[in-house]
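Then turn to the chain contact and the nonpolar cores.

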Amino acid sequence: MHFDNNFTSFGNSDTVKSKLCVPDRIRKIEKFSNTVIPYGGGYSYNDISFFRKSVSISSKKFNRILEFNEQEGYIEIESGTTLQDIFFFLKKKNFYLKVQPGFPLITIGGCIAGNVHGKNQFKDGNFNKIIRSIRLFNPDMGIIELSEYKNKKLFDLTIGGLGLTGFIISAKIKIHRLEASTVQNKKVFFKSIDEAFNILKNEAPKNDFLYSWHQTSISSNFKGFVNLGNFKKNKRNTSSKKKSLRNFKKRLSFFTFYNNATVMLIQKIFYYKSYLFKTYTASLYNSFFPLASKWLYFYFYGKAGLIESQFIIPEKIKEDFINYFESQVKKNRPTIVLLSIKYFKTDNYKYLRFDDSGYCISINLPNNTKNRLFLNYMYSFLKNNKCKVNLTKDSYFKHKNLNYHFPDSKKFFQSLDDYKKTSKQFLSKLNFK
Amino acid sequence: MRNKTAIIIGASSGLGRSLSIELAKSAVKKIIICSSDIRDLIPLKKHIEVLHNIDVICSEQKYGLDKDAVSKTVKLIKDLKVNLIYFPIGYSCEDNLANMSTKMSQYIMDVNYFCILQICSALHKMALKKQMLFVGFGSIAASRGRSNNVIYSSSKRALKSFFESLMHSLRKVDSYVQFYDLGYLNTSLAEGKTKIFRPADIDTIARTIVSNINKKDITMYLPSYWFIVVTIIRLIPNYLFKKINF
């Protein structure tokens with residue numbers, strides 16, 4: 001029923017030989033061996049959905065759209081359905097999912113388990129805001145319905161629970177009417193990280209899409225632009241055709257194209273190109289899934305892959321962060337290929353969810369010793385300041401530090417234990433922190 | 001096609017699932033999907049209804065376990081005036097060897113052969129009077145007996161022979177029969193297995209089968225290159241074949 005498989009994280013930085021099982025019926029999920037972990041699209045930057053002691057259960061064959069309810073505003077989908085399939089189905093009906101991450105092959109089960117964020121977390125919240133109910137297979141409880149009104153505790157544990165509560169069979173997700181056919185983008189330029197923080201904070205309530213992009217060399221002082229995107233009705237409907245995507249885990253052989261010199265050159269060209277074209281109209285598909293056309297960006301990282309690090313800096317320590325970050329960049333000279341920031345706000349933090357108020361920083365670096373050393377220093381800052389780290393998108397996170405970053409993590413595992421009555425369980429690396 | 005009603009026996013996964021969706025796309029009036037677990041049928045019914053807006057009826061039948069499953073299916077076909085009958089049903093297991101227990105062998109024979117034979121036999125009279133389509137599915141595993149997959153391939157070979165007879169017995173009436181020998185398909189059974197030939201996409205195979213819906217009396221391999229492979233396998237002299245371990 002299961003077979004050997006070489007698992008790699010999206011960034012190629014984690015590789016594990018373990019077992020994979022691809023069930024296509026409910027009874028095959030029920031008949032699993034003792035320890036398992038759900039596996040969605042496999043686009044997590046971390047080794048969260050595979051583990052040498054567990055069999056990964058793929059949701060690939062659970063990929064159907066089950067219900068579309070326009071009146072009540074929801075869609076029921078199986079957990080293996082990709083965001084791309086949902087996007088094209090809903091687009092025809094002039095609806096969309098308000099919260100979705102930037103890669104089209106991520107599954108709905110992955111979005112729930114990682115409680116992902118979308119293009120403007122400040123305005124739309126995380127994925128938990130659009131989940132109506134979940135059908136979950138739990139080894140001790142069988143197939144159960146979870147919602148705000150039914151099995152609430154397990155519902156809360158499942159959202160952002162990284163697959164540790166069971167296998168999500170399907171979910172009802174809230175949908176929103178989409179009047180627009182394109183996204184109008186405008187770039188606002190800044191000269192420092194601090195200035196970027198201010199623009200993001202001020203613009204967050206007013207825009208549908210919001211993120212910053214920075215140059216990362218010392219001499220540039222991290223200048224860049226904030227991209228402000230808004231839905232726009234347009235007579236000329238830009239192309240939103242379904243695309244067959246390349247293998248994003250394929251990498252350039254032997255070496256990485258990125259080093260401090262090439263990155264500086266590429267970033268300068270990109271910066272001036274962006275300066276010349278400050279406004280542009282993009283298709284809905286490209287706006288929702290900006291990574292879909294960026295396969296070459298990942299390819300150039302080479303066989304060693306990339307390290308993505310994503311964390312939230314609370315408002316009160318933003319100055320300390322800027323000083324520390326700039327000093328560490330000066331000292332270690334890492335090759336930061338991408339630095340991007342979003343503005344987050346929450347009043348509902350729970351368990352292991354990547355959800356807090358502050359600035360969400362994303363960094364991409366080639367996987368090498370110099371860059372790992374830089375991240376080591378950064379992580380001591382994050383650990384001391386108890387900053388939240390994105391467990392699905394952070395390939396450098398050390399599981400032993402879970403308690404520092406997530407004060408609720410003990411409560412999470414204690415609550416999980418309440419549901420464990422047999423030896424069968426959902427298990428990942430997180431259980432061995 | 002628009003006035004026709006189809007039944008897919010073994011619809012919950014693999015080719016049966018793809019076939020149900022392809023038939024729904026081609027706008028048959030109604031589809032009946034049968035399988036041993038209603039929990040797998042309901043999502044398929046919902047999916048077809050939401051995407052293709054046609055009537056779908058679910059029927060949970062445990063062939064090989066419930067002795068009334070065949071008679072219930074026959075009744076359903078007669079009551080709902082079904083014209084198109086597809087049998088993508090099948091079962092095999094890993095220890096399918098010559099020394100398998102009688103009970104398990106019986107079950108494999110029941111699911112892969114006897115239940116289909118009984119349904120077709122019960123409908124034979126009806127097929128002589130009104131136009132019906134019977135579609136059976138064999139396997140390249142049945143092309144030549146070997147030490148693995150023993151009971152499954154025997155049942156599939158028997159099924160092929162039965163469908164040839166059915167085809168012959170209905171040659172003078174409007175009803176017709178199709179039989180497809182299937183090669184490796186990308187079902188969940190093929191996941192993780194290294195094969196010399198790349199497993200064919202089940203959606204493409206289902207599309208081909210549905211596009212052949214009006215063709216009378218077909219016996220073919222899908223994908224068609226398996227005809228050449230099977231012919232070569234059959235031509236291998238016995239003394240050499242014995243030495244091959246597969």
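How are helix 1 of chain B and helix 2 of chain B oriented to each other? This is a predicted model, so the answer comes from predicted coordinates. The two helices, residues 14-25 and residues 38-52 of chain B, pack at an angle of about 25 degrees. Angles under 35 degrees count as roughly parallel. Helix 1 of chain B and helix 2 of chain B are therefore roughly parallel to each other. Their axes lie 10 Å apart. The crossing of helix 1 of chain B and helix 2 of chain B is right-handed. Helix 1 of chain B brings R17(B), S20(B), I21(B), A24(B) and K25(B) to this contact. Helix 2 of chain B answers with L44(B), I48(B) and H52(B). By class, the contact has four nonpolar, two polar and two charged residues.

Helix 1 of chain B also packs on helix 6 of chain B, residues 202-211. Here the angle is about 55 degrees, and the axes are 8 Å apart. Angles of 65 to 115 degrees would count as roughly perpendicular, and those under 35 as roughly parallel. Helix 1 of chain B and helix 6 of chain B are therefore oblique to each other. Their crossing is right-handed. From helix 1 of chain B, the contact takes G14(B), L15(B), S18(B), L19(B), E22(B) and L23(B). From helix 6 of chain B come I202(B), D203(B), I205(B), A206(B), R207(B), I209(B) and V210(B). By class, this contact has eight nonpolar, two polar and three charged residues.

Now move to the chain contact. In chain B, 14 residues are in contact with 16 residues of chain A. Helix 2 of chain B gives the most to the chain B side, with seven residues. That side of chain B has three nonpolar, six polar and five charged residues.

Next come the cores. In soluble globular proteins, nonpolar side chains tend to be buried together. The largest nonpolar core has 113 residues. Which of its residues touch the most other members? They are I112(A), I173(A) and Y359(A). Leaving out residues up to four places away in sequence, Y359(A) touches F197(A), L200(A), I312(A), I313(A), K318(A), I341(A) and Y343(A). A second, separate core has 66 residues. Among them are I7(B), I8(B), A127(B) and F137(B).

Technical notes. Residues are numbered from 1 along each chain as its sequence is written. Chains are lettered from A and ligands numbered from 1 in the order in which they are written. This is a predicted model: local features need pLDDT of at least 70, side-chain atom pairs count only at pLDDT 80 or more; totals for chains, interfaces and linings use all residues. Axes are lines fitted to C-alpha atoms, for helices over the stretch in contact, and angles run from 0 to 180 degrees between N-to-C directions. Helices (H or I, at least four residues) and strands (E, at least two) are DSSP runs, numbered from the N terminus. Angles under 35 degrees count as roughly parallel, over 145 as roughly antiparallel, 65 to 115 as roughly perpendicular and the rest as oblique. A crossing is left-handed if the near helix is turned anticlockwise from the far one by less than a right angle, and right-handed if clockwise. Two residues are in contact if their C-beta atoms, placed from the backbone, lie within 7 Å. Ala, Val, Leu, Ile, Met, Phe, Trp, Tyr, Cys and Pro count as nonpolar, Asp, Glu, Lys and Arg as charged, and the others, Gly among them, as polar. A nonpolar core is a set of buried Ala, Val, Leu, Ile, Met, Phe, Trp, Tyr and Cys residues joined through C-beta atoms within 7 Å. A residue is buried if 20 or more other C-beta atoms lie within 10 Å of its own, exposed if 12 or fewer, and partly exposed in between; C-beta atoms are placed from the backbone.
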